[in-house]
Amino acid sequence: MNATARPRYAPTLRRLHWLMALLILVTYVLIEQRGLFPRGSAGRSAMMQGHFWSGIAIFLLAWWRLVSRKRNGAPAITPPLDWFSAVVAKTVHLLLYAFFIVMPVLGIMTAWSDGKQVLIPFTGIALPALMPVDKPLAHSLEDLHGAIGTAFYWVIGLHVLAAIWHHRIRRDDTLKRML
């Protein structure tokens, strides 16, 4: 590496970051726009199945990303963060990873306990439900899944604003490490 090159995340981590960002956007769009279609319609079902599978993809990619992060580490931020900023950054990242793992699990538990099928794309084959139908539980899980999803609009927004703050105000290489 030459003297002017800045350290960046490993290519796999950078690709996973942006792929997951895109999938999270798709997941939110699918669930927010399902209301464009009447209940029981093929369009609404397609939106829900797309939401289920983009969530499952995020879950799987999160584990791949965690393994890759463990293997490759993270490049240091230049200039280094102060103690408080480092703690906030670590906390937000832990919340994001928890979100990537917990939300798909809550989502699929909600679907199964509500008696909904999670169909393998382009087939009529459903994943086997690992939970019995339990409508009260489904409603509780759906409320929790929705509340966490709504809260994470704020966490994701904070993550984006922090990247902009690091790049434009603090002028460190936080964002550049992920590009």
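Before starting, I wrote down a cut-off: an angle over 145 degrees between axes counts as roughly antiparallel. I also noted that this is a predicted model.

**Entry 1: the overall picture.** I counted 4 helices and 0 strands in the chain. Reading from the N terminus, I get the order α-α-α-α. The C-alpha trace spans about 60 × 30 × 30 Å along its principal axes. Of the 179 residues, 35% count as buried.

**Entry 2: α1 and α2.** How are two packed helices described? By the angle between their axes and the distance between the axes. I looked up both for helix α1 (residues 11-33) and helix α2 (residues 42-72): the axes come within 9 Å and cross at roughly 160°. With the cut-off above, α1 and α2 are therefore roughly antiparallel to each other. Their crossing is left-handed. The residues of this contact divide into 17 nonpolar, 10 polar and 2 charged.

**Entry 3: α2 by itself.** I checked its length next. At 1.5 Å a residue, the 31 residues of α2 should span 45 Å, and the end C-alpha atoms are 43 Å apart, which agrees. After α2 comes G73, with a positive phi near 70°.

**Entry 4: α4.** I repeated the check on helix α4 (residues 135-170). Its 36 residues should span 52 Å at 1.5 Å each, and its end C-alpha atoms lie 50 Å apart, in agreement. Where does α4 bend? I found a bend of about 25° at F152. F152 is also one of the buried residues of α4, along with A138, L141, H145, G149, V155 and H166.

Methods: Residues are numbered from 1 along each chain as its sequence is written. This is a predicted model: local features need pLDDT of at least 70, side-chain atom pairs count only at pLDDT 80 or more; totals for chains, interfaces and linings use all residues. Side-chain values use heavy atoms; hydrogens and water are left out. Axes are lines fitted to C-alpha atoms, for helices over the stretch in contact, and angles run from 0 to 180 degrees between N-to-C directions. Helices (H or I, at least four residues) and strands (E, at least two) are DSSP runs, numbered from the N terminus. Angles under 35 degrees count as roughly parallel, over 145 as roughly antiparallel, 65 to 115 as roughly perpendicular and the rest as oblique. A crossing is left-handed if the near helix is turned anticlockwise from the far one by less than a right angle, and right-handed if clockwise. Ala, Val, Leu, Ile, Met, Phe, Trp, Tyr, Cys and Pro count as nonpolar, Asp, Glu, Lys and Arg as charged, and the others, Gly among them, as polar. The expected span of a helix is 1.5 Å times one less than its number of residues. The bend at a residue is the angle between axes fitted to the seven residues ending there and the seven starting there. Buried means under 20% relative accessible area, exposed over 50%, partly exposed in between (1.4 Å probe, protein chains only).
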